[in-house]
Amino acid sequence: MKILVTGGLGFIGSHTVVELQNEGFEVVIIDDCSNSSEKVLDGITSITGKKPWFEKIDLKEKQKVEDFFKRHEDIKGVIHFAASKAVGESVEKPLLYYENNIGTLVYLLKELSKKAKSSFIFSSSCTVYGQADKMPITEDAPVKEAESPYGNTKQMGEEIIRDTCKVTPSLNAIALRYFNPMGAHPTVQIGELPIGVPQNLVPFITQTGAGIRKELSVFGDDYPTSDGTCVRDYIYVVDLAKAHVVALQRLLAGNNRTNYEVFNVGTGKGSTVLEVIQSFERMSGKKLNYKIVDRRPGDITTAYADTTQANNELGWKSRYTLDEAMKSAWEWEQKIRN
Ligand code: WQD
């Protein structure tokens with residue numbers, strides 16, 4: 001069965017391609033390589049022994065999207081990762097984010113709406129909750145005013161899909177709200193490849209451990225948490241990738257209750273920034289160089305998932321610990337530095 005993975009050369013996309021191939025799916029990747037490299041194809045192939053079909057297409061080019069679907073009429077499902085995802089950049093360049101994250105989604109949905117039946121998995125984010133009032137966060141927690149155009153594109157994306165599914169019974173969709181993805185494949189063949197100075201905590205930690213960054217700045221230790229630093233739900237990227245496969249299989253098998261569903265994908269456990277640093281130090285055997293600085297504007301204090309829905313409905317549960325995920329992140333960092 002042929003599945004399209006947009007953004008399949010990216011961090012979460014490449015790990016999902018591996019899990020799809022492991023399940024016997026035929027995978028086609030579309031990626032514009034704006035934030036990824038074709039070399040990732042070799043990493044995927046070295047893990048699974050199967051080279052996915054790849055087409056370098058910018059999904060903003062409507063005609064190219066139409067032509068692609070004409071050439072691949074046997075696509076049964078789409079997992080849509082392709083999007084810009086840097087929170088800070090989205091504040092400076094909102095129109096780039098609305099064009100790239102929303103325009104492309106509309107073109108994809110137009111193509112899928114033409115098919116007799118289609119399954120669509122959307123890469124959403126816990127960022128839609130903002131600072132939720134209650135922990136752990138359930139899927140019916142209110143969606144709050146987005147803190148950034150990036151977060152807004154995730155909220156709008158969910159609404160666009162929901163509204164399309166309402167009038168397109170042939171379209172079956174699931175939005176997966178990721179918490180904080182981290183780590184790399186245990187084979188050390190694929191992992192996170194942040195371009196420039198990493199915005200996210202874990203790659204900044206591993207680059208500091210590798211001596212590429214002088215020290216980590218911890219953005220505030222005066223939050224109302226166990227040790228004053230922010231709490232997040234760090235989920236291992238392989239666990240997250242597997243969640244996409246089970247969500248797709250749910251739709252392909254027609255086991256979905258409605259044709260638009262939403263699931264949190266996290267571990268259900270919160271970790272503070274200092275606990276993540278301690279995990280790195282345990283896994284690497286190295287002391288991490290860090291200093292406490294001012295809070296980062298826009299950061300929320302705490303977010304971790306209630307995963308009951310994914311556990312019960314998808315039959316999926318995260319299996320790896322923070323330390324195991326951190327070990328993989330560190331091994332990957334060392335590999336790409338050599
Ligand atoms: C985690 C914690 C920082 C860097 C973002 C996006 C979200 C999703 C995941 C795409 C926070 C602290 C970080 C550093 C630090 N991305 N930190 N020093 O902000 O929870 O979520 O990435 O979907 O949409 O919003 O992740 O890794 O940036 O920060 O102290 O150098 O680490 O303050 O508490 P975040 P993050």
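Helices (H or I, at least four residues) and strands (E, at least two) are DSSP runs here, numbered from the N terminus. What you see is a predicted model, where local features need pLDDT of at least 70, side-chain atom pairs count only at pLDDT 80 or more, and totals for chains, interfaces and linings use all residues. Residues are numbered from 1 along each chain as its sequence is written, and side-chain values use heavy atoms, with hydrogens and water left out.

Let's start with the loops. P136 sits in the one between β5 and α6, and the peptide bond that links M135 to P136 is cis, with omega at about -10°. Another loop, between β2 (26–31) and α2 (39–48), holds C33. The phi of C33 is near 60°, a positive value in a residue other than glycine. For background, most residues other than glycine have a negative phi, and most peptide bonds are trans.

Now the sheet. Seven strands form an open sheet with parallel pairing, in the order β3-β2-β1-β4-β5-β6-β11; two strands pair if DSSP finds at least two bridges between them. β3 (53–56) and β11 (260–265) are at the edges with a single partner strand each, so one side of each has no neighbour in the sheet. On average, neighbouring strands of this sheet are turned by 20° against each other, direction ignored. β4 (residues 75–80) and β5 (residues 118–125) run parallel and are joined by four bridges; in β5, I121 is the bridge partner of I79.

Helix α6 (residues 149–167) lies across β5, β6 (171–178) and β11, at about 155° to β5. Contact here means heavy atoms within 4.5 Å; axes are lines fitted to C-alpha atoms, for helices over the stretch in contact, and angles run from 0 to 180 degrees between N-to-C directions.

On to the ligand. There are 18 residues around the ligand, and Y150, L201, S217, R232 and D299 come nearest (near means a heavy atom within 4 Å). Strand β8 (residues 216–219) gives the largest share of this shell, four residues.

| Side chain | Distance to a ligand oxygen |
|---|---|
| N200 | 2.9 Å |
| R232 | 2.6 Å |
| R296 | 2.9 Å |

Taken alone, the ligand exposes 680 Å², and the protein buries 89% of that, using Shrake-Rupley areas with a 1.4 Å probe.

Definitions and conventions
Polar contact = N/O pair within 3.5 Å; in protein donor to acceptor, adjacent residues only side chain to side chain.
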